[in-house]
Amino acid sequence: MQKEFKNIEESQVVISELMLPSHSNFNGKIHGGYILSLLDQIAFACASKHSRAYCVTASVDTVDFLKPIEIGELVTMKASVNYVGRSSMVIGIRVEAENIQTGITKHCNSSYFTMVAKNDKGDSVAVPGLILKSDDQIRRFAKSIKRKSMKKNRIQEFHETDFSSEKYLHILEDHKAKIELNP
């Protein structure tokens, strides 16, 4: 029997991995695509742990690469459920890299993945709610609600069938864009 509400700590996942030369890009830094793959894996693990169901990635709302990760650093990813809807969950992930020789740790990435719980037939299934016990947990839940609302508004505002470029030309003036509309 599934719990109706769960503590955030019950679903948290932490993984660490040493960054190898095979994970690097042409510039000698860890390839962003490799980090994205790890982010998707930990988001899946956290969401599945919370829902006790198979989960799929519905969207990647934000991936902010803040600092490069070097070969030989120990990368630690910390995932938590920040928000739950009926069948969806927003998983917040913090990525830190540690120089294992000096012990210096840096915050390299923050990400938000929306995951959806599915049953064996591929239908969405309900997930447990969250018990919020701190201002930080409430802030993360509220921020996810706001991000979801802003995304919905942005999609509606810029829907291709209702879009009128004349309403937006003024905001392009200070940007690197040259307008050459066909009459």
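A residue counts as buried under 20% relative accessible area, exposed over 50% and partly exposed in between (1.4 Å probe, protein chains only). This is a predicted model, in which local features need pLDDT of at least 70 and side-chain atom pairs count only at pLDDT 80 or more, while totals for chains, interfaces and linings use all residues. Residues are numbered from 1 along each chain as its sequence is written, and side-chain values use heavy atoms, with hydrogens and water left out.

**Aromatic pairs**

- Rings of Phe, Tyr and Trp (its six-membered ring) pair if their centres lie within 6.5 Å; planes under 30 degrees apart are stacked, over 60 edge-to-face and the rest tilted.
- The count by this rule is 5 aromatic pairs.
- Y83 and F141 form a tilted pair, because their ring centres are 4.9 Å apart and their planes stand at 50°.
- This pair links distant parts of the chain, with Y83 in strand β4 (residues 74-84) and F141 in helix α2 (residues 135-157), 58 residues apart.
- Both Y83 and F141 are buried.
- F158 and Y168 also form a tilted aromatic pair, at 5.0 Å centre to centre with 40° between the planes.
- Y168 is buried, with a relative accessible area of 11%, whereas F158 is partly exposed at 41%.
- Ring pairs join F158, F163 and Y168 into a cluster.

**Charge over a ring**

- R147 lies over the face of Y112, at 3.9 Å from the ring centre; the criterion is NZ of Lys or CZ of Arg within 6 Å of the ring centre and within 35 degrees of the ring normal.

Methods:
Helix = DSSP H or I, 4+ residues; strand = E, 2+ residues; numbered from the N terminus.
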